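Hello,

I am handing over the structure we spoke about. Please look through it first; my notes follow below.

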Amino acid sequence: MLAGFKNLPWNFLSFTYRGVCRRRSFISLICPSASIVSSIPQTHSSQRSHQTSALHLSCTRRFSGSPGCPGLMEVKDVLKVLEQLAPLSLAESWDNVGLLVEPSKSRPVRTILLTNDLTDAVMEEAEAMSCDLIISYHPPLFRPIKCLVQRDWKQRLAIRAVEAGIAVFSPHTSWDSVKGGVNDWLVGGLGSGQVSVLTQALGCTSHSHKLEFTVRNAEEFNTVREELRDCGTLQHSVSRADSPEIHVSLSCSDSVLASSVQKLSRHSSASQSLSITKLEKPPLPGHGQGRLSILDQPVTVATAIKKMKSHLGLSHLRLALGVGCTLESSVSTVAVCAGSGASVLNGVKADLYVTGEMSHHEVLDAAAKGTSVILSDHSNSERGFLTVFRERLAVRLPHIVTVVVSKADRDPLEVV
């Protein structure tokens with residue numbers, strides 16, 4: 001309708017503007033900047049035409065996906081925001097994260113549903129609210145599949161998502177690892193402290209190896225440089241002022257390592273002096289799996305239980321007291337890992353472990369070393385973060401996009 005305004009008589013437009021300004025409805029709803037229509041002066045026709053075209057252009061640009069246009073954010077745009085909040089590169093190598101279900105027809109994202117697990121109940125909730133994107137912390141599709149059939153409940157959910165035009169995204173361990181993510185939220189339940197990462201996340205680098213060698217003179221260096229032109233980053237320096245030899249280093253990736261060595265083997269001085277060093281990936285401070293906190297104010301085991309119940313919104317927790325410990329024992333160090341944390345917590349020295357689940361023997365091992373253990377059940381150690389993340393996501397999206405935390409999502413285990 002807006003696109004046709006410029007072809008209508010000014011009298012009609014003036015009447016329409018007055019009607020819209022009285023009701024403050026249609027135009028202000030679909031294009032906030034269109035409030036200018038109420039202040040357009042009664043000027044001569046050329047100015048009127050110009051102003052009407054300007055209004056049309058402003059609204060058209062907003063409907064074309066500009067940052068100021070609410071309601072036109074597509075899934076790909078939301079994915080960019082999610083990547084800024086928690087880069088998928090932080091996820092564990094074994095994990096299956098990112099966009100898992102993508103509808104064939106793109107549509108504006110107006111409703112996003114956050115859930116810890118995508119179940120039948122959550123899918124029904126999503127369909128009832130005409131959801132456009134489900135962010136499921138745990139990936140509903142994890143192992144490779146060879147078919148999509150109704151007899152498998154996870155495949156059935158994927159089919160329902162496609163049929164309903166709902167995209168499904170999973171962040172999983174990228175949320176665990178990122179600074180300020182699930183594990184930082186979990187350890188914060190016991191109060192402030194000096195927090196460190198248990199398993200350090202490493203950054204990505206395009207170069208995995210460094211090759212160092214010497215060539216006899218500038219002529220040979222120019223030949224080698226040309227041969228290695230597409231292999232990586234080449235640097236050189238003169239070995240000695242009184243010598244024509246040149247020291248060369250090449251930083252390259254795994255994919256070109258073998259071919260680079262093969263090319264250097266054609267040059268006797270380079271191949272004889274060649275040394276290869278594997279480059280370490282740079283650490284990412286604050287990012288990684290698990291957290292260890294030296295509490296600013298130590299608490300008793302009993303107080304720790306009370307605090308974690310409140311933080312997780314639970315009435316019951318499971319506790320294993322460490323050997324020699326009581327409910328009044330002091331807790332000054334606590335190690336946490338959301339979900340199933342035994343592999344991350346194993347061997348960590350702390351007064352208390354907090355995680356979702358550990359096996360019987362893993363609990364016995366920890367208790368034997370004098371470490372008490374609090375278990376909440378798997379998803380109960382993660383679910384509370386959804387409310388925190390909802391706020392972080394909502395402020396980065398247009399106001400017309402609604403971000404909702406699932407009411408149907410819950411841990412499958414209950415205390416009866």
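**What was found**

Of the 416 residues in the chain, 43% are buried, that is, under 20% relative accessible area with a 1.4 Å probe and protein chains only. This is a predicted model, in which local features need pLDDT of at least 70 and side-chain atom pairs count only at pLDDT 80 or more, while totals for chains, interfaces and linings use all residues. Residues are numbered from 1 along each chain as its sequence is written, and side-chain values use heavy atoms, with hydrogens and water left out.

The chain has 15 helices and 15 strands, taken as DSSP runs (H or I, at least four residues, for helices; E, at least two, for strands) and numbered from the N terminus.

Helix H9 spans residues 218–227, and its buried residues are Glu220, Phe221 and Val224. They lie on the same side of H9, because they cover an arc of only 100 degrees around the axis, the arc being that of the directions from the helix axis to the C-beta atoms. An α-helix has 3.6 residues a turn, so residues three or four places apart point the same way. Among the elements that cover the buried residues of H9 are strands S6 (209–215) and S7 (232–238) and helix H10 (254–264), where contact means heavy atoms within 4.5 Å.

Among contacts between residues at least 6 apart in sequence, 71% join residues at least 24 apart.

Regards

How values were computed: Buried means under 20% relative accessible area, exposed over 50%, partly exposed in between (1.4 Å probe, protein chains only).
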